[in-house]
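Open your viewer and get the selection tool ready.

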Amino acid sequence: MNILVASGSFKDVYTPKEACEMINDVIKTLKIDNLIVEKIPMVDGGEYSNDVLLNAFNCNKIEVHNIVNPFGKKIKSYYLKLDNNSAFIGSSEILGLLPSDDIYKNPLKLTSYGLGQLILDAIKRGYKKIYIGLGGTGTVDCGIGMSQVFGVKYFDSNGKELIPQNGLYFSAIDLLNINGVSIDGLKDDYNNIEVYALCDGNATIHQMDTPNRQKIGNNYNQESKKIINDLECGINNYVQVIEDLYKQKSLAKYLPIYKQKYFGVAGGINLSLNYIFNTNMTLGIEYFINKFNLVDRIKEADLIITGEGKIDNSLNGKTPIGICELAKRNNKPTLFLTGNVCESLKPYFKKNIALELPKDYKDCGVNAIISCHDENEDKMISMDVEKRKGLFKEITPIIFERSLKEYFIRKQIIK
């Protein structure tokens with residue numbers, strides 16, 4: 001039996017590479033006849049995209065100093081040289097926050113300025129084709145921090161140029177005060193740069209609520225309602241202000257910003273990126289599927305196993321769903337492994353396995369799901385981040401081994 005393991009990350013627990021190795025190790029304990037397992041760590045433009053590209057294709061790292069991280073600290077960061085004309089910049093590399101950064105996780109005060117610095121550095125080095133992986137960010141500033149790097153100016157209701165409230169760099173707290181935008185400072189040669197926004201989902205502005213809530217740290221639990229409200233008001237205000245910019249730029253029939261996919265990704269960065277550059281927005285998983293020649297590998301497999309840390313907004317173009325859709329188009333069965341699932345999916349489980357799934361999951365090619373949620377939820381209460389991570393690493397392989405064995409017995413693959 002040929003099994004293709006193409007998994008994304010299990011957030012803060014397993015990288016894509018570690019997840020594939022863990023699943024591979026579990027499968028090999030089941031003593032399946034004539035077993036061949038191929039492992040392909042997968043990403044979608046979000047977290048670990050730099051790592052996966054670096055390990056799989058031996059790209060060159062371009063290190064850049066004095067890059068501003070989301071809470072204003074200057075650090076060393078990097079992006080990847082793909083070839084002499086192309087670079088890949090993973091937004092999560094500079095805009096993502098670690099579990100240990102919980103004290104900083106108030107997205108109202110975080111800036112995307114550092115991403116703008118990396119893009120500008122790539123342009124100055126002569127790269128004409130820039131791929132930007134969008135996802136895994138802690139920021140929700142709609143890219144106004146990033147755009148500050150390129151000379152975009154913002155104005156208040158009195159026509160006075162805005163100054164960032166939270167120090168030197170624009171952050172989400174400034175969105176509500178923007179009444180006008182000037183792009184007169186943009187250089188004409190930016191029009192000659194091909195920018196590809198590789199999005200880790202296709203979320204619209206209206207679908208930002210869940211990821212925005214996930215970006216608020218435990219230190220801000222008491223303030224979370226106000227933070228969410230301020231973010232929503234700021235985003236809505238900014239969209240109204242820039243709508244005219246997009247109408248003027250549009251050459252075809254104009255579609256309002258609220259109705260367009262991808263603008264809700266990575267804290268709304270595309271809202272600003274798209275009026276600075278001629279940006280091509282697409283699902284990142286499609287780029288990586290082509291990069292890894294995944295179609296041919298799926299055709300050679302009898303079963304495709306994919307996974308991620310939690311199934312919540314996964315249907316919006318996330319890594320495992322993209323893989324399941326591709327498998328379905330090639331008439332291959334899929335098995336989705338996860339650490340947890342959203343509440344709406346839990347009634348479909350018997351123990352840790354769900355074989356009968358909602359129509360929207362079936363339509364995306366998901367044949368079955370194995371989840372650890374029953375056993376992990378009770379044990380994680382009151383644990384700190386490191387203890388939870390340790391627990392998940394201990395218990396996940398055990399649950400997967402037991403549940404995979406049951407699954408393969410049901411499918412009469414093993415006795």
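Begin with the open sheet: six strands in the order S2-S1-S11-S12-S14-S13, with mixed pairing. Strands here are DSSP E runs of at least two residues and helices are H or I runs of at least four, numbered from the N terminus; two strands pair if DSSP finds at least two bridges between them. At the edges you will find strand S2 (36-39) and strand S13 (353-354), each pairing on one side only.

Before going on, note that this is a predicted model, where local features need pLDDT of at least 70 and side-chain atom pairs count only at pLDDT 80 or more, while totals for chains, interfaces and linings use all residues. Residues are numbered from 1 along each chain as its sequence is written, and side-chain values use heavy atoms, leaving out hydrogens and water.

Now select residues 2-5 and 303-311: strands S1 and S11 run parallel and are joined by three bridges. Val5 faces Ile305 of S11 here.

Next, show helix H11 (residues 319-329), which packs on the sheet and touches S11 and S12 (contact means heavy atoms within 4.5 Å). Its direction makes about 155° with that of S11; axes are lines fitted to C-alpha atoms, for helices over the stretch in contact, and angles run from 0 to 180 degrees between N-to-C directions.

Time for the rings. The structure holds 18 aromatic pairs, counted when the ring centres of Phe, Tyr or Trp (its six-membered ring) lie within 6.5 Å; planes under 30 degrees apart are stacked, over 60 edge-to-face, the rest tilted. Select Tyr131 and Tyr196: their centres are 4.9 Å apart and their planes at 20°, so this pair is stacked. Tyr131 sits in strand S6 (residues 129-134) and Tyr196 in strand S9 (residues 194-199), so the pair ties together parts 65 residues apart in sequence. Tyr131 is buried, at 14% relative accessible area (buried is under 20%, exposed over 50%, partly exposed in between, with a 1.4 Å probe and protein chains only).
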